[in-house]
Every structure is written in structure tokens, then in C-alpha cells.
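Subject: Structure handover

Dear colleague,

Here is the structure we discussed. Please look through it first; my notes follow below.

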Amino acid sequence: MSRIVLNLRPAALLSVGFSHPRALGPDIPFASKPAKRDRRTAHIPYIPGSTVKGSLRSAASRIAKAYGFTSCGEGFSRSMKDCDVCSLFGKPGITYPKVFFSDFVPDGEVKFHSLTRVGIDDKSSTASEHTLFSVECVAHPTVFRGEVNFRELSGREFELLLLALAELRLDRFGRSSFVDLRIEEVSGLDIPETLKEVFEELCEWLWT
Ligand SMILES: [Zn+2]
């Protein structure tokens, strides 16, 4: 098994889904779970591994063609074929995926921020006058730490993984959030000469 330890941190405010109306639905990339802290039970935010994997898969799909990889499109669909993105991230029904994502949990202090938003009417997509609600957000510089574990990636698959990580810092995470990421540590891996540059860039935060 090879392993990449990753740090993620909000580049802007990220919503945490403590309680939220349906309109926000899938664009909330954070969840929370109870944890013991100082002998009390508190809710700590975390990013589910599946969220990170899904965002990375979308990022890989977006950049695939530009870098000479094949992609059968973003998201899961029936028309999925064997493409480079599916080969790396797997397809529905595959029992042994090549990459495994842990949940990403706070590393150090968590900074919260409460944000008031205007409710959006699902049907008309217009702001409804009377629905204001507040969303709990995790703010910069909170850092989340997690791991990507994988087995026997080909050079080509590893290249796609690194390019997808680089792309993730430049585009949306979920529907309305941005994350910065940084590779903290790798083990069981030799970085090919051709990927040294992109790898070294990924070892530093992009956004300060
Ligand atoms: Zn595919």
C-alpha cells in the first residue's frame, strides 16, 4: 500500500451541515460527528472521505482530455465505460477500488463562523423574502487532515491523481466552496522525474 497524507483547508468559508434547508443540499461538503473533548462530548466537523473522492473524481474528469486522458464524463452514470478516470477511481459495483480515502478530521483548532444566508425557493430558484437562515461555517485557517491509500497505480494513473489534486485547488469543492490542499507526506511511492514539478507545487499551500 502506498499512502499520501493530505491537508485541506478552507480557501474561503465552507459550510458545515449542522442543520440546513433542502436548498443547500449537496453543496455542503462538511458533516459533523460527536467526539469526546476534555471529557465533554462535542460535535466536530469533518469532511467525509467520499466527498473528497467525489470532488477529486470530478476534477480528474474536467482536466482529463486536456492532458491526454480519457473520461466518460463527470459523475456516475449508466453509460460509464472503461476510461482512465474510472480506472483510477473505480466504477459502481467494483469490489476492490484502487484508491481509498479516509475521512478528513481537524488537525488543531477549528475556527467557526456563522453566516446568514437568504433562502432560495427550490421550485422557482428565486430568493424567498422571508427565509433567512444561518449556516455554521468552518473558516480559514482550520486544517483538515486525511489520507489517500492506494495499491499499484500505474505511472499514468498516478499522474492523473496528481493533476486532479492540482485542479481541485482551482475549482469548486461541492457547489460553493473552495479548498486549498497540500501534500504533507508520502510513503511507498517514487515520484517519477516528469512529475517532480507538479508534486513539489502540491507540497505547498497555493492560497495564503
Ligand atoms: Zn469512465
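In which segment is Trp-207 found? Trp-207 sits in the segment after α4 (196-202); helices here are DSSP runs of H or I with at least four residues, strands are runs of E with at least two, and both are numbered from the N terminus.

Before the rest, two remarks on the source. This is a predicted model, in which local features need pLDDT of at least 70 and side-chain atom pairs count only at pLDDT 80 or more, while totals for chains, interfaces and linings use all residues. Residues are numbered from 1 along each chain as its sequence is written, and side-chain values use heavy atoms, with hydrogens and water left out.

**Overall**

The chain has four helices and 10 strands, in the order β-β-β-β-α-α-β-β-β-β-β-α-β-α along the sequence. Of its 208 residues, 40% are buried (buried means under 20% relative accessible area, exposed over 50%, and partly exposed in between, with a 1.4 Å probe and protein chains only). Among contacts with a separation of 6 or more, 68% are between residues 24 or more positions apart; a contact means heavy atoms within 4.5 Å. The accessible surface of the chain is about 11600 Å², and carbon and sulfur atoms hold 50% of it (Shrake-Rupley method, 1.4 Å probe; for residues, only the protein chains shown count as cover).

**Zinc site**

The protein donors of the zinc ion are the SG atoms of Cys-72, Cys-83 and Cys-86, at 2.1 to 2.2 Å from the ion. Donors are N, O and S atoms within 2.8 Å of the metal (3.2 Å for Na, K and Ca), and sites may look incomplete because water is not among the atoms. Along the chain the donors have the spacing C-x10-C-x2-C. Cys-72 is in the loop between α1 (49-64) and α2 (84-89) and Cys-86 is in helix α2, so this pair ties together parts that are 14 residues apart in sequence. Cys-72 counts as partly exposed because its relative accessibility is 26%, whereas Cys-86 is buried at 3%.

**Salt bridges**

There are nine salt bridges in the structure, each a side-chain nitrogen of Lys or Arg within 4 Å of a carboxyl oxygen of Asp or Glu. One of them joins the side chains of Arg-3 and Glu-147 (2.8 Å, N to O). That pair links distant parts of the chain, with Arg-3 in strand β1 (residues 2-10) and Glu-147 in strand β9, 144 residues apart. Arg-3 is partly exposed at 24% relative accessibility, and Glu-147 is partly exposed with a relative accessible area of 24%. Arg-3 and Glu-147 also belong to a network of salt bridges with Glu-185.

Another bridge is formed by the side chains of Glu-167 and Arg-62 (3.2 Å, N to O). Here too distant parts are linked: Glu-167 is in helix α3 (residues 155-168) and Arg-62 in helix α1, 105 residues apart. Glu-167 counts as buried because its relative accessibility is 16%; Arg-62 is partly exposed at 32%. The side chains of Glu-193 and Lys-196 form a further bridge (3.5 Å, N to O). Glu-193 is exposed at 65%, while Lys-196 is partly exposed at 32%.

**Asn-149**

Asn-149 is in strand β9 (residues 144-150) and is buried, with a relative accessible area of 18%. Its side chain makes a polar contact of 3.2 Å with the side chain of Glu-147 (a pair of N or O atoms within 3.5 Å; within protein, one must be able to donate a hydrogen and the other to accept it, and residues adjacent in sequence count only if both atoms are side-chain atoms). Leaving out residues up to four places away in sequence, Asn-149 touches Met-1, Ser-2, Arg-3, Lys-98, Val-99 and Phe-100.

**Surface**

Trp-207 is partly exposed at 41% relative accessibility. Together with Leu-170 and Leu-206, Trp-207 forms a nonpolar surface patch with about 300 Å² of accessible area. Patches are made of residues with over 30% relative accessible area and no salt bridge; like charges are joined within 9 Å, and nonpolar side chains (Val, Leu, Ile, Met, Phe, Trp, Tyr) within 5 Å.

Asp-190 lies in the loop between β10 (179-187) and α4 and is exposed at 71%.

Regards
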